[in-house]
Amino acid sequence: MATGYLYHEIFGWHDTGSNAGLFGADPAAGLQPYMHLENAETKRRIHELIVVSGLIDRLERVRPRHASEEEILKVHTRDHLERIQAESRWPKGGDAGDGFSPFGKGGYEIAALAAGGVITMVEAVVSGDVTNGYALVRPPGHHAVAGSGMGFCVFGNLAIAARHARDVLGVRRIAVVDWDVHHGNGTQSFFYGDPDVLTISLHQDNCFPPDSGALTERGDGAGFGYALNVPLPPGTGDGGYLYAMDRVVAPALQRFRPDLILVASGFDGSAMDPLARQLLTSEGYRTMTRRLMEVAEDLCGGRIAMSHEGGYNPVYVPFCGLAVIETLAGAEPFADPFLPVVSGMAGQDLQPHQKALVDEVAALVGDIS
Ligand code: 6DK
Ligand code: ZN
């Protein structure tokens, strides 16, 4: 049983510039120029660790293609598509929508390759060429909404691939599990009224976007109950996340019985991330992956396609990525030299206030049928 892996060097050429990530360099305000926080390094370094560790030899390489305009238009407005295309021709590129999601000249083609990359990974999984797989794409996608990009995202990569799976590949029920530390608001928005796509987002409570991802966001009309949000308190570690997997994610999937599971995989919930305050270790990501695989084997022939999202510590993210992908491939753990440091941090165990929140969400799972 093969595990698919998709990466392309040109993802590293998506140019987010040097504006310190959120606030453009402004000497008068004391803002020094720096790399944008969403830069190529974390992704490149995951890929390099996959090669150097030898895991690459256990993986089946899947080649990306560009998403077509028609595929992008399945979730986005023509306005958004054409604005990205136009700004992509500007000499210095443009911005996907909120002023801190910049892209360089030619950024449209790279964003279309990211969306198309997730499409081809989903195709490989659905056709049975591979059992599961990881698309290490960039720019990320889970914040992009119909008419705009935001939060470093240009197009909704995973949502575009999910629509493709439904409309073209004939997949009926799709579950999305988003473990990026930020709320998967974009993905949720596309399927908010759709009872055939279950979206579950585990994120740090009110981290990004502002005021998004409360547990009261549950879907609309026929889709009510088919959006689940688990806004974990800051400081949640492996214990809290695994409790959420056992109490919310696994039972929700078992009730929903998906034909395919998609994962929006960010590593910004790690204990070393600069953009959030969670405590996950590579072992936490490994165990979450294993739990999902067990459920997937039970429900949908093991079919899981993961799409890369955030994660901002260039030193630690590669070990988290390696743990997830080697688990998907059934490979032995290679290394995580930081594990003693991060797993030894106080508060890794499930804390009472984390349990209370997860239990509150668990009570909503019964509305899924
Ligand atoms: N900005 C992502 O990792 C992107 O989910 C995260 C984007 C975080 C932006 C940081 C932030 C604010 C907060 C308040 C008001 C304005 C801006 F998409 C992924 F890359 F995956 O907190
Ligand atoms: Zn994120």
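**Close-up 1. Parallel pairing of strands S6 and S9 in the predicted model.** Strand S6 and strand S9 (residues 260–265) pair in the parallel sense over five bridges; strands are DSSP runs of E with at least two residues, helices are runs of H or I with at least four residues, and both are numbered from the N terminus. Two strands pair if DSSP finds at least two bridges between them. Ala175 has Ile261 as its bridge partner in S9. The model is predicted: local features need pLDDT of at least 70 and side-chain atom pairs count only at pLDDT 80 or more, whereas totals for chains, interfaces and linings use all residues. Residues are numbered from 1 along each chain as its sequence is written, chains are lettered from A and ligands numbered from 1 in the order in which they are written, and side-chain values use heavy atoms, without hydrogens and water.

Close-up 2. Five of the five residues of S6 (residues 174–178) are buried (under 20% relative accessible area, with a 1.4 Å probe and protein chains only). Ile174, Val176 and Asp178 lie on one side, and Ala175 and Val177 on the other. S6 also pairs in the parallel sense with S7 (residues 197–204), over five bridges, and Ile174 stands opposite Val197 of S7. From S6 the chain passes through helix H6 (residues 185–190) to S7 in a right-handed β-α-β crossover, meaning that, with the strands pointing away from the viewer, the path from the first strand over the helix to the second runs clockwise.

**Close-up 3. The buried side of helix H11.** In H11 (residues 352–362), the buried residues are Gln354, Leu357, Val358, Val361 and Ala362. They lie on the same side of H11 because they cover an arc of only 140 degrees around the axis, taken from the directions from the helix axis to the C-beta atoms. Strand S8 (227–232) and helix H7 (238–256) are among the elements that cover these residues, where contact means heavy atoms within 4.5 Å.

Definitions and conventions
Buried means under 20% relative accessible area, exposed over 50%, partly exposed in between (1.4 Å probe, protein chains only).
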